[in-house]
Amino acid sequence: MRTFFNAEDIGNLDKALSEARAIKADRYAWKHLGRDKTILLVFFNNSLRTRLSSQKAAMNLGMNAIVLNIGQDSWRLETELGVVMDGDKSEHLREAIPVMGSYCDIIGVRSFASLSDREADYAETVLQQFVAYSGRPVISLESATVHPCQALADLITIDEYKRKTTPKVVLSWAPHPKALPQAVPNSFAQWMVAAGYEVVICHPEGYELDPRFTGGAKIEYDQMKAFEGADFVYAKNWSCPGVVCPEDYGKILSTDMSWTVGSRQMAVTDNARFMHCLPVRRNMIVTDEVIDSPASLVIPEAANREISAQLVMKRMLEAL
Ligand code: SN0
């Protein structure tokens, strides 16, 4: 595996799930694979779960991990091509990436969407430069449009807790004070459809996600209707994807607090489990009552980030 961006990169999902179970049963069984190998984890944005779970997964595989926080530990990097570098950015990605590639065997990159230039974000311009110039396999640790390590951890979690072969999985928009990327909902929709689950996505008008990620899912504007009979509820905020109105890309279109997931919505589900990628804004996205209830899976879901990261790194090490 040379890139890990989309569900198709991992191949058969049932096979991936049984591999995840094997890793979880004995996560140190592949310690020989990473011997004398190094992964570089490059962060353009903040992280808690991604950096800890990626470092832990690398250690489980006997691999060295170097973490680089761009702009804090390193020079500030220019990411746009063709610009006169007379500002505060000292080095260009064009040089920095091949240099980074020369010190490692695998690269993971966190680089959030700008939310100002839809075309550049949806072309994954930063991530694609790592593919083009690093000479190394590249993992998206949440890039402009996808968060595959999270979606794979979500898939593993649902597989562990599902009571039916084809559960009803509802992805619900919820309010947030900041404009957030669409990477998490894009990947969640893509992976859940790929798994063959019944996928319903609900949000206020204008929040339609890019159909290239949601193809096969049902779109619903009535949250209560969407939640009826749900087995899993996945809450997440995202800003306007600009699918219907390109000029609204990255904007907050609604602050409607009736979308906060609470016991009113959970009551119409089929005893659904609650999920969120974290970090979560309590009483914006979800009420204390729901996130503190036994229905909440947010902690086991986060714990599975170690397993998803390890699965991806294991596949890449095996293919080196
Ligand atoms: C990111 C997002 O894509 O929504 C990372 C999620 C894994 N979330 C945030 O940036 C939340 C920041 C905040 O202040 O709540």
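**View 1. A salt bridge between Lys164 and Asp231.** In this predicted model, the side chains of Lys164 and Asp231 meet in a salt bridge, with an N to O distance of 2.7 Å. The pair links distant parts of the chain, since Lys164 belongs to the loop between α6 and β8 (168-173) and Asp231 to the loop between α9 (223-227) and β11, 67 residues apart. Lys164 is partly exposed, with a relative accessible area of 35%, whereas Asp231 is buried at 4%.

**View 2. A salt bridge between Arg110 and Glu142.** The side chains of these two residues, Arg110 and Glu142, form a salt bridge at 3.8 Å, N to O. Arg110 lies in strand β6 (residues 106-110) and Glu142 in the loop between β7 (138-140) and α6, so that distant parts of the chain, 32 residues apart, are linked. Arg110 is buried, with a relative accessible area of 5%, and Glu142 is buried as well, with 8%.

**View 3. The crossing of helices α1 and α6.** The axes of α1 (residues 13-25) and α6 (residues 148-161) come within 10 Å and cross at roughly 80 degrees, which makes α1 roughly perpendicular to α6. Leu13, Leu17, Ala20, Arg21 and Lys24 of α1 meet Leu155, Ile156, Asp159 and Glu160 of α6. The residues of this contact comprise five nonpolar, four charged and no polar ones.

**View 4. An open sheet of five strands.** The strands, paired in parallel, follow the order β10-β9-β8-β11-β12, with β10 (218-220) and β12 (273-275) as edge strands that each pair on one side only. Three bridges join β11 (residues 232-236) to β12, and Tyr234 stands opposite Met275 in β12.

Methods. Residues numbered from 1 in each chain as written. Predicted model: local features only at pLDDT ≥ 70, side-chain atom pairs only at ≥ 80, totals over all residues. Heavy atoms only, no water. Axes fitted to C-alpha atoms, helices over the stretch in contact; angles between N-to-C directions. Helix = DSSP H or I, 4+ residues; strand = E, 2+ residues; numbered from the N terminus. Parallel < 35°, antiparallel > 145°, perpendicular 65-115°, else oblique. Contact = heavy atoms within 4.5 Å. Nonpolar A, V, L, I, M, F, W, Y, C, P; charged D, E, K, R; others polar. Pairing = 2+ DSSP bridges. Salt bridge = Lys/Arg side-chain N within 4 Å of Asp/Glu carboxyl O. Buried < 20%, exposed > 50% of the residue type's maximum accessible area, 1.4 Å probe, protein only.
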